[in-house]
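Have the sequence and the 3D view ready, and look up each residue as you read.

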Amino acid sequence: MFGKYDIIVIGGGHAGCEAAVAGAKLGAKVLLITMNLGTIGYMSCNPAMGGIAKGQILREVDALGGMSGIVSDMTTIQFRMLNRSKGPAMWSPRAQIDRVAFSIKWREVIESFENIHLWQDNVIGINTKNGRFLSVMTYLGIEIFAASCIITSGTFLNGRMFIGKKSFRGGRLGESSSEGITSSLNKLGIESGKLKTGTSVRLDGRSIDFSDLIEQKGDENCGRFSFTDTPRPERQKSCYLTYTNPKVHDILRKGFDDSPLFQGRIEGSGPRYCPAIEDKLVRFQEKDRHQLFLEPEGWNTHEYYINGFSSSLPEDIQFEALKYIVGLKNARILKPGYGIEYDYFPPTQIDSTLESKIVGGLYFAGQVNGTTGYEEAACQGLMAGINATLAIKGRDPFVLSRSEAYIGVLIDDLVTKGTSEPYRMFTSRAEYRTLLRQNNADIRLTPKAYEMGLCDEERIAIVNTKSNAIESIIDFLNNHKIEPGEINSKLENVGTSPLKFKTELSQLLKRPQINIFYLIDSVSQFSEFIDDLKLGFFKTETLEEVEILIKYKDYINKENEIAEKIQKLDNLPLKPDIDYMKLSGLSLEARQKLQEIKPGNIGMASRISGISPADISVLLIMLKR
């Protein structure tokens, strides 16, 4: 009935979708098994993609040939570039998404690949032979064979949901949990743990008084995630801000005695950076209000998601508290908030390709590795799909360093440090964030994708045209001088000092009051030069990149120098069969950590918690010997 596949992907969420597409693009025959074909690519939590650091990840996924950015652009109902008031390393794209349309579009993408097959079933076991993945067993009693398998089960593994004193099995409200995989993997020697997350109430927008709320509109010039010419929405829907207050807090505290979070019924650690509303009241007792963000669910629905009001308190407490929030006095709840506890597998058990160190050919991606968020899941699925296929074809693995991508930071953090709580990406985690800007992800990564076969000729041609244009514009600005009389009157209008001498345009652009679009409007020769380049749909991004490279040249050069030095350590490999317990020069903690994690190189070893510079010196001496 099935034959043998190259890759079996378990789970049809964000990680699973990207894993399947990556494998298919590289020529693998893929079987995607999911418990419900109607919820492929479904957004379990808030209806949004991107955000701080997450937007950078999504652009990197797109640059590498992934589909999440394109699907997001095609279903966007509002777009905003966050942190515009800060430096360009902090700019982060974020979009509100039509939840239903997003899932439908992902289904269309999946079905557009002839070498991706779908099967609705529940995987309950993993079989191996000689230490390698062999097959999966399903709830329907079918054994399906493949060369490799990628587990992307999200929150469904032994998932249990909590609303007050009530608890029931499930991976998402209204959907059953997946049981059997964890125990199967435990028998193979793969350790598991439990984590907790949650979601907020959904409200009927017709019962919300928006006149009392703070409206937050999208950007006037709507951006996008993809570096391709994806459509932009002709109109946008607004989000709205409101706040809790002391009365709301008092009502919520009445439910603490029935809270599964505080009464020990939830064992797993929750997300530190996105806590439940009841958790906020305990952690931040000095605050008398917390911001809530009302997000529309789509074009053709009145449903709204309340970001910031995640809760596992009893539904009557949630309902009563909402009544005292400005704008929500008459609000009707469509779905209560709930907490969910699920199994994950500590990620120090996988290597940088996301392959298990214990079972060859078995890969893990997404929340099963301890991460949070659609974007973190998507990039892991993409990388797992790439590496599973490359391994089948006998090609070298694809691993991104911390200086090459946020994706590299995320995976390196997971495999070297592990996590005991849901991991979330932030710009602060990326030490080379000046290099890893959201607007240059295509220049950084698309050539790598093209080399592997993930991107076509048209895609790499766009990147090459953009790169050449950037060089040409910088060359023009460095070599074209302007007389004081040509520009001084205009400079006074923007509050910057007049020129005393003939000056290069690049030096003028370094002034904080001047941006590149001002120069185009003010200097006719420069404007004509830009028009002659015929930049097309990527004109704005090209010009912004030129401005960044000129204004922040010294910072970028310094960060590049540091990255190159660190990269030398990453280029010093450590064999997987080293017995660190026999290296007497290492501290006991270092021996134990290195023996457990088995880092792939000196750079990874240096980033493991508990490894000192002295320990690294011992390893370097060992390598010389």
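## A stacked pair of rings

Phe476 is buried, with 16% relative accessibility. Here buried means under 20% relative accessible area, exposed means over 50%, and partly exposed lies in between (1.4 Å probe, protein chains only). Phe476 and Phe526 make a stacked aromatic pair, with 5.5 Å from centre to centre and 20 degrees between the planes. Phe476 belongs to helix H12 (residues 457-479) and Phe526 to helix H16 (residues 524-533), so this pair links distant parts of the chain, 50 residues apart. Helices (H or I, at least four residues) are DSSP runs numbered from the N terminus.

This is a predicted model, where local features need pLDDT of at least 70 and side-chain atom pairs count only at pLDDT 80 or more, while totals for chains, interfaces and linings use all residues. Residues are numbered from 1 along each chain as its sequence is written, and side-chain values use heavy atoms, leaving out hydrogens and water.

How many aromatic pairs does the count come to? There are ten aromatic pairs. Rings of Phe, Tyr and Trp (its six-membered ring) pair if their centres lie within 6.5 Å; planes under 30 degrees apart count as stacked, over 60 as edge-to-face and the rest as tilted. Phe256 and Phe262 give an edge-to-face example, with centres 4.8 Å apart and planes at 65 degrees. Of these two, Phe256 is buried at 17%, while Phe262 is partly exposed at 30%. Ring pairs also join Phe210, Tyr240 and Tyr304 into a cluster.

Charges can sit over rings as well, which here calls for NZ of Lys or CZ of Arg within 6 Å of the ring centre and within 35 degrees of the ring normal. The charged end of Arg235 is placed over the ring of Trp299, 4.0 Å from its centre. Likewise, the charged end of Arg289 sits over the ring of Tyr243, at 3.7 Å from the centre.

## Salt bridges

Side chains of opposite charge can pair when their charged atoms come close. The rule for a salt bridge is a side-chain nitrogen of Lys or Arg within 4 Å of a carboxyl oxygen of Asp or Glu, and the count comes to 36. In one of them, Arg59 meets Glu541 with 2.4 Å from N to O. Arg59 lies in helix H2 (residues 54-63) and Glu541 in helix H17 (residues 539-551), so the pair ties together parts 482 residues apart in sequence. Arg59 is buried at 1%, and Glu541 is buried at 19%.

Asp250 and Arg253 form another salt bridge, their closest N and O atoms being 3.3 Å apart. Both are in helix H6 (residues 246-253), and because they are three residues apart, about one helical turn separates them. Asp250 is partly exposed at 46%, as is Arg253 at 35%. Shared partners also join Arg402, Asp412, Asp413, Lys417, Glu431, Asp570 and Arg607 into one network of salt bridges.

## The second largest pocket

On a 1 Å grid over the protein atoms alone, a pocket is an open set of points where a 1.4 Å probe fits, with protein on both sides within 12 Å along at least five of seven lines; lining residues have an atom within 4 Å of a point. The second largest pocket has a volume of about 650 Å³, the space filled by probe spheres set on the points. Its lining has 32 residues, with Ser352, Val399, Gly600, Asn601 and Met604 nearest the centre. H10 gives the most to this lining, with four residues.

Key. Helix = DSSP H or I, 4+ residues; strand = E, 2+ residues; numbered from the N terminus.
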